[in-house]
Amino acid sequence: MARGTFITFEGGEGCGKSTQVRRLKEALEREGHEVVLTREPGGTWLAEEIRRLIKDQESDAPCDRSELLLFLAARAQLVKNVIRPALDAGKWVVSDRFSDSTLAYQGYGRGLPLGILKEMNAFACENLKPDLTILLDVSPETSQARLHAREAATHTVADRIEQAGDEFHARLRAGFAELAKAEPERIVTIDANGGPNEVWEDVWKSTRRFR
Ligand SMILES: Nc1ncnc2c1ncn2[C@@H]1O[C@H](COP(=O)(O)OP(=O)(O)OP(=O)(O)O)[C@@H](O)[C@H]1O
Ligand SMILES: [Mg+2]
């Protein structure tokens with residue numbers, strides 16, 4: 001059986017990843033594909049527990065290095081128990097964030113050394129790489145506006161990472177752009193400032209070569 005296709009979505013907060021991930025799943029299923037959705041950190045019991053620990057607003061928030069290790073532990077579990085088995089069974093796997101987020105957040109964002117992060121990523125996921133990564137790029141204004149709208153609509157407050165300052169988010173965006181520049185075959189950048197339908201058209205087009 002042919003191995004399945006592995007697609008990841010990346011980008012800053014509020015760029016529309018979760019929205020487009022859901023659309024992609026529905027569209028692929030309409031075409032008769034089996035699709036497994038995962039989110040990072042999360043997707044297994046252990047990884048969801050880790051997600052809770054990372055996002056919690058405690059005084060004892062994880063330091064940069066322990067945050068990195070927690071993310072990688074969650075990813076290792078997700079790859080081994082969910083992503084690999086699904087791909088081996090010929091299914092599509094669509095993940096809301098994956099390894100590139102580690103490079104962007106812990107590397108470009110927090111300043112941990114990129115070379116080490118790349119090796120640790122490869123170790124955690126046993127060298128698994130996405131076939132396609134869709135980078136949704138939005139301006140800081142768009143990101144802020146969407147997060148505020150969501151907070152108002154859902155009566156929630158931004159989590160610890162979402163509350164990091166403007167400079168952090170600027171480094172993140174520039175970091176993602178550099179990653180895309182270094183791997184143009186794998187990473188497709190989509191301008192995600194437009195409405196959901198407009199963004200979706202580009203997302204769907206970018207997956208054509210795998211369908
Ligand atoms: N293209 C769009 N235009 C306008 N609003 C959008 C668009 N895409 C998503 N939204 C809205 O913006 C908010 C953030 O979208 P979404 O949750 O999909 O982003 P995300 O990248 O998953 O965010 P996070 O990083 O916080 O998980 C949601 O309230 C969503 O309904
Ligand atoms: Mg989301």
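1. At what angle do helix 2 and helix 3 pack, and how far apart are their axes? In this predicted model, helix 2 (residues 45–55) and helix 3 (residues 64–88) pack at an angle of about 160 degrees. Their axes are 9 Å apart. Angles over 145 degrees count as roughly antiparallel, so helix 2 and helix 3 are roughly antiparallel to each other. Their crossing is left-handed.

2. Now the residues at that contact. Helix 2 brings L46, A47, I50, R51, L53 and I54. Helix 3 meets them with E67, L70, A73, A74, Q77 and L78. By type, the residues of this contact divide into nine nonpolar, one polar and two charged.

3. Next, the core. The largest nonpolar core has 40 residues. Helix 3 supplies the largest share of this core, eight residues. The residues with the most contacts inside the core are V94, A104, I134, L136 and I190. Two of these deserve a look.

4. Take A104. This residue lies in helix 4 (residues 99–109). A residue is buried if 20 or more other C-beta atoms lie within 10 Å of its own. A104 has 26 C-beta neighbours inside 10 Å, so A104 counts as buried. Leaving aside neighbours within four places in sequence, A104 is in contact with G109, L172, G175, F176 and L179. I83 sits 21 residues from A104 along the chain, and their C-alpha atoms are separated by 22 Å.

5. Then I190. I134 and L136 are, like I190, among the residues with the most contacts inside the core.

Technical notes:
Residues numbered from 1 in each chain as written. Chains lettered and ligands numbered in written order. Predicted model: local features only at pLDDT ≥ 70, side-chain atom pairs only at ≥ 80, totals over all residues. Axes fitted to C-alpha atoms, helices over the stretch in contact; angles between N-to-C directions. Helix = DSSP H or I, 4+ residues; strand = E, 2+ residues; numbered from the N terminus. Parallel < 35°, antiparallel > 145°, perpendicular 65-115°, else oblique. Left-handed = near helix turned anticlockwise from the far one by under 90°. Contact = placed C-beta atoms within 7 Å. Nonpolar A, V, L, I, M, F, W, Y, C, P; charged D, E, K, R; others polar. Core = buried A, V, L, I, M, F, W, Y, C linked by C-beta atoms within 7 Å. Buried ≥ 20, exposed ≤ 12 C-beta atoms within 10 Å, placed from the backbone.
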